[in-house]
Amino acid sequence: MSAPSTKKSAKDHRPKVISFRTALDGLNIAAKQSVLWPCHAFNISIPQKKKSGLNVFEETVLKITEIESGDTEKIALLTCLENELVAFIQNRLNQLGLLNDRYELTQQGQELLSEWQNKSDGNLEYIVATVFLDLLSGKLLPYVSTEQLSYKKISRIGDNGFIDFLINPTNEKSRVSARQIRPAKDSFWKAVPDSNSIIRAIREFKKKYKRHALLNQGVDQYPPPVPMAEAISLHKNPELVYLHCNVLIQIGNSDLLVTDGFGFGFSESFANYLTSQNFDWVIKLKQQGVVDKIGGAEASDNKASRKLFRYSEISKRIKWSKKSLEKIMNLTVNNTNYERDYRQEIEDGIKNLYAALEWTLRQVVAENPVSEWEKIFSSSNFRDNEKLLKGFAKKVGFSLNEYNQSLLQVKPGAIRQIENGKVELQPLLALAIAGGSSNASHPIHRLAQNHSGFLTYALRLKKYRDPIEHGSTEKLNIDEGKLKELIETTIALVISLIPDVAEDLGEGEELSRDRDINQERLKATIALEQALGTAFVSNLSGDMKEQLIRSELMLAQYAEEKAIEIIKCYASVMQRACLEAVNDRRIENASDTIKESAVEKIVQAGFFSDKERVPVQLTTVASHNLRRAVQGSSTTLGAHLLAVFLLGSESELIQLQKSHPAFIDCAENLIRLRGHGNKQQSDISRDDMESLKNNVFKAIKILTEVF
């Protein structure tokens, strides 16, 4: 018999990849790249209330039993429940050993009540959860996992920084090839989250979860409770893990979108990091987002297949309703299944319209949260809620009557279900109306202004839809004419609440035209980022970036008559760069010799050997413009160029001369070419314009680096 091997198994150095489901519905994705984001996963222990195993009715009956003993009728009267239901609950509590045969508290039942009342440690249990710290920013991410982490199966590690893994370990078709974002030596390896940052992460997670649950179905992981800071226990030995994220470029849009890795949406922090690093692959990804213009016939043929909705859950249901109406119009009357098919399409149309309205309110509530009203409505009875909501509805501008105000009778339990994403029209409407009562810009005001009778219509649609849901549609008296009217009205209501849905439902030609314009802007932005770097372009002020994009668009289709407009763009950019370089500095009381001081500083910095060589475009700058420039007001390019020399330090000006000796010449050339902005001073070829552009780009970049 051979001796047992003492050789230790080799440590698995493959990256540990975590991938959560991410919904990308409603995005016009032109290019996508999976990435693996480096994080430290810390285990924490947090307390939560023990689950009693009783539902809310059983807990209520048990508590009241302590006062009323086992009197079924009194308990039914106090709880507004049927006697039979109370008796049923008492019987179950008896089976659990919490009540005796006379439905009185047993010792076990009394002990359970004491635990609830005393809130003792015995009523708490500790759960293990995981928090994630972004190694590239040192910040805790707004997500807490209470489940065991599951790592994806790595199938290949490439030499070029790509890692292949399987989303589904048994399905080879689920393979993903992701670019690994490697943490550097100066990343936040030693950062450890404290209790307060963990509490903030849990709170932010709860907010994100609520919004996510409102706008998505089938959400099954609930956020943990927010504990006291001193109750959190942190295990300080983290594990290096990689979050699977998607980097996206939408059609005609240069903005980088990066998913947050947890399925809740996008991370601005992740996008900002990638933009700041000037990665070549980011620019190449944007280039993939440029879609060649599709000809009219081809565009028409592919319009339906390429159509993507921004508000998918809303727009697709309206489209389905329209489809039902089309099917009804095309039914063969003498067909044996005519009546059955006719009724089925009517029912489908009604259900989809109601769902579209419900999803619209979901979106409105998610974008305009009112957590304080959730608490109030969930702790009040439906009569009190109705009284409050009637006042709010009138204040907002809805027409109220005895018929439609029943829509405002919202039970507290329906409000509480919003926490789990299980919501219906009435509680959503209640929160929307409550939100509008204290927010003048809330979209509910636009709805009330355009459709004051909305409540009557919503109740009418509900009364059509409810029998369909419960399978009793014999008395549903709706024909295709009525369905068409309902579709048109619902669309108008939805657009009043969310105007951008109109784009989802609009004509293809106008959208195609907009996309063509966006494509050209995307090309222009990519050209700027290739020349200046993604980080530099992303940090430009909105005005400078817009002027540069405009110049690129004109340069792409260059014509001599456009030359002066391009020059004006470059002059505006140069002026803005000079203004921003010293924007935090001032000379409040400028002397009469301020211009001479600026010219002297230009010579001292080494740009010219003497004052006589300084371009006339600078020595003739109006003194009043220069005074305004050094006080932070926008004036002329010449004035702001001189202001840089007046407000800049000696070391900054010397560094500017060393980095770009032709800086003054570039600005002087722009001023001369621009003239008064209404005519060209000389003919400029395309090559000359490219040279001018490169000089301007160099000037504004160095100006930004030096100051």
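I take contact to mean heavy atoms within 4.5 Å. The model I am reading is a predicted one.

**Entry 1: helix α12**

I began with the length of helix α12, which runs over residues 382–396. At 1.5 Å a residue, its 15 residues should span 21 Å, and I find the end C-alpha atoms 20 Å apart, which agrees.

Next I looked up which residues of α12 are buried. They are Asn385, Glu386, Leu389, Phe392, Ala393 and Val396. These cover an arc of only 135° around the axis, so they sit on the same side of α12.

What do these buried residues pack against? I noted α11 (371–378), α13 (412–416), α14 (425–437), α15 (443–450) and α16 (454–469).

I then turned to the face of α12 that points away from the buried side. There I found the exposed residues Arg383, Lys387, Lys394 and Lys395.

At the N-terminal end, asparagine 381 caps α12, with a side-chain oxygen 3.0 Å from the backbone nitrogen of arginine 383. Just after α12 comes glycine 397, which takes a positive phi of about 125°.

**Entry 2: serine 378**

Serine 378 is in helix α11, one of the helices that the buried residues of α12 pack against. Is serine 378 buried or exposed? Its relative accessibility is 17%, and buried means under 20%, so serine 378 counts as buried.

I looked for polar partners of its side chain. A polar atom of the serine 378 side chain lies 2.8 Å from the backbone oxygen of glutamate 374. The side chain of serine 378 also reaches the backbone oxygen of lysine 375, at 3.1 Å.

Leaving aside neighbours within four places in sequence, I list Pro412, Ile415 and Arg416 as contacts of serine 378.

**Entry 3: aromatic rings**

I counted ring pairs and got 16 aromatic pairs. I picked out phenylalanine 205 and phenylalanine 264, whose rings are 5.6 Å apart centre to centre, with 35° between the planes, a tilted pair. Phenylalanine 205 lies in helix α5 (residues 195–215) and phenylalanine 264 in the loop between β10 (257–258) and α6 (268–276), so the pair ties together parts that are 59 residues apart in sequence. Both phenylalanine 205 and phenylalanine 264 are buried.

Which residues do ring pairs link into a cluster? I wrote down Phe20, Phe132, Tyr143, Phe205, Phe262 and Phe264.

**Entry 4: a charge over a ring**

Last, I looked at tryptophan 359. The charged end of arginine 362 sits over the tryptophan 359 ring, 4.1 Å from the ring's centre.

Note on methods:
Residues are numbered from 1 along each chain as its sequence is written. This is a predicted model: local features need pLDDT of at least 70, side-chain atom pairs count only at pLDDT 80 or more; totals for chains, interfaces and linings use all residues. Side-chain values use heavy atoms; hydrogens and water are left out. Helices (H or I, at least four residues) and strands (E, at least two) are DSSP runs, numbered from the N terminus. The expected span of a helix is 1.5 Å times one less than its number of residues. Buried means under 20% relative accessible area, exposed over 50%, partly exposed in between (1.4 Å probe, protein chains only). The arc is that of the directions from the helix axis to the C-beta atoms. A polar contact is a pair of N or O atoms within 3.5 Å; within protein, one must be able to donate a hydrogen and the other to accept it, and residues adjacent in sequence count only if both atoms are side-chain atoms. Rings of Phe, Tyr and Trp (its six-membered ring) pair if their centres lie within 6.5 Å; planes under 30 degrees apart count as stacked, over 60 as edge-to-face and the rest as tilted. A charge sits over a ring if NZ of Lys or CZ of Arg is within 6 Å of the ring centre and within 35 degrees of the ring normal.
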